[in-house]
Each structure stands twice: as structure tokens, then as C-alpha cells.
Amino acid sequence: MTAGGHPVPDGREGALADEAEGYLLARAHHDQAHRDAEELCARLPWLTTGQADDLTRHYVRQRTDLTRRMLRDTVRRAAELRQEYEARYATLRRDLLRRHAAVASAVLACAAAVGSAVVLLARRA
């Protein structure tokens with residue numbers, strides 16, 4: 001249940017929120033690219049309206065493609081890093097478990113030795 005008392009449909013709310021956020025970020029980036037293109041065209045006063053529109057369209061498309069490539073590369077690298085960290089974590093966890101088992105075995109062996117020594121000393125006394 002959510003705070004409002006409405007049921008949460010099997011995790012789709014988070015995916016929908018992520019999708020909405022992605023759309024809003026993409027739209028904001030597109031709008032910023034469009035403003036930058038218009039600013040570029042303003043610095044080139046000899047362009048005709050048609051040329052300025054073409055330049056704006058090409059600039060926005062190129063910048064959007066560049067951003068898409070950068071995001072894909074970032075996602076790919078994040079997945080690689082996640083795999084590396086998970087593998088390292090599994091190795092460290094396995095080593096820690098082995099060390100704990102070795103220490104526990106040593107403590108039990110020492111306890112058994114001390115117990116045997118106490119029994120032997122009690123018999124002699």
C-alpha cells in the first residue's frame with residue numbers, strides 16, 4: 001500500500017516514474033539544444049530563415065544523437081562496473097567465510113584441548 005492507502009501494482013509505479021523522469025530529462029535536453037542552436041544562428045546574421053531552421057534541426061539532431069551515445073556508453077560502463085564489483089564482493093565474502101570457519105575451527109580445537117587438559121589434570125589430582 002502507498003501512503004494514501006491505495007495498492008501498489010507489482011512494482012510498475014517505479015518503472016512508470018523512471019520512464020516519466022527519463023522523458024522529462026530528454027525533453028529538457030532537447031529544449032536546451034534547441035535554445036543553443038538558436039543562439040548559434042543569432043550569431044550568424046547572414047543565414048536566411050530556411051538556413052537557420054536547417055542548421056537548428058541538424059544541430060539538435062546531432063546533439064541528441066551524441067547525448068544518446070553518451071548515455072548508452074554510461075549505462076554499459078555502469079553494468080560492467082556492477083559486474084566487477086559483484087564479483088569482487090562475492091570473492092571477499094567467500095574469503096571472509098573461510099576465515100571465520102578457520103577461526104571457529106581453531107577456537108573449537110583449542111576448547112577441546114583445554115577441556116582434555118582439564119580432565120587429565122582433574123584425574124591426576
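A salt bridge is a side-chain nitrogen of Lys or Arg within 4 Å of a carboxyl oxygen of Asp or Glu. Side chains of opposite charge can pair when their charged atoms come close. The model described here is predicted. A search of the whole structure finds 9 salt bridges.

## Salt bridges

| Pair | Closest N to O | Elements |
|---|---|---|
| Asp 31 and Arg 27 | 3.4 Å | both in helix α1 |
| Arg 68 and Asp 65 | 3.3 Å | both in helix α2 |

Start with helix α1. Asp 31 and Arg 27 sit 4 residues apart there, about one turn of the helix. Asp 31 has a relative accessibility of 28%, so it counts as partly exposed. Arg 27 is also partly exposed, with a relative accessible area of 39%.

Arg 68 is partly exposed at a relative accessible area of 40%. Asp 65 is partly exposed too, at 31% relative accessibility. Elsewhere, salt bridges that share partners join Arg 76, Arg 77, Glu 80 and Glu 84 into one network.

## The largest pocket

Rolling a probe the size of a water molecule over the atoms shows where empty space is left. The largest pocket has a volume of about 270 Å³. Two elements give two or more residues to its lining: α1 (12-42) and α2 (49-124).

Which element gives the largest share of the lining? That is α1, with 5 residues. The lining consists of Gly 22, Leu 25, Ala 26, His 29, His 30, Thr 64, Thr 67, Arg 68 and Leu 71. By class, the lining divides into 3 nonpolar residues, 5 polar and 1 charged.

Arg 68 ties the two topics together. Arg 68 lines the largest pocket, and Arg 68 also forms the salt bridge with Asp 65.

Notes
Residues numbered from 1 in each chain as written. Predicted model: local features only at pLDDT ≥ 70, side-chain atom pairs only at ≥ 80, totals over all residues. Heavy atoms only, no water. 1 Å grid on protein atoms, 1.4 Å probe; cavity = no way out; pocket = protein on both sides within 12 Å on 5 of 7 lines; lining within 4 Å. Points joined across faces, edges and corners; volume = space filled by probe spheres on them. Nonpolar A, V, L, I, M, F, W, Y, C, P; charged D, E, K, R; others polar. Buried < 20%, exposed > 50% of the residue type's maximum accessible area, 1.4 Å probe, protein only.
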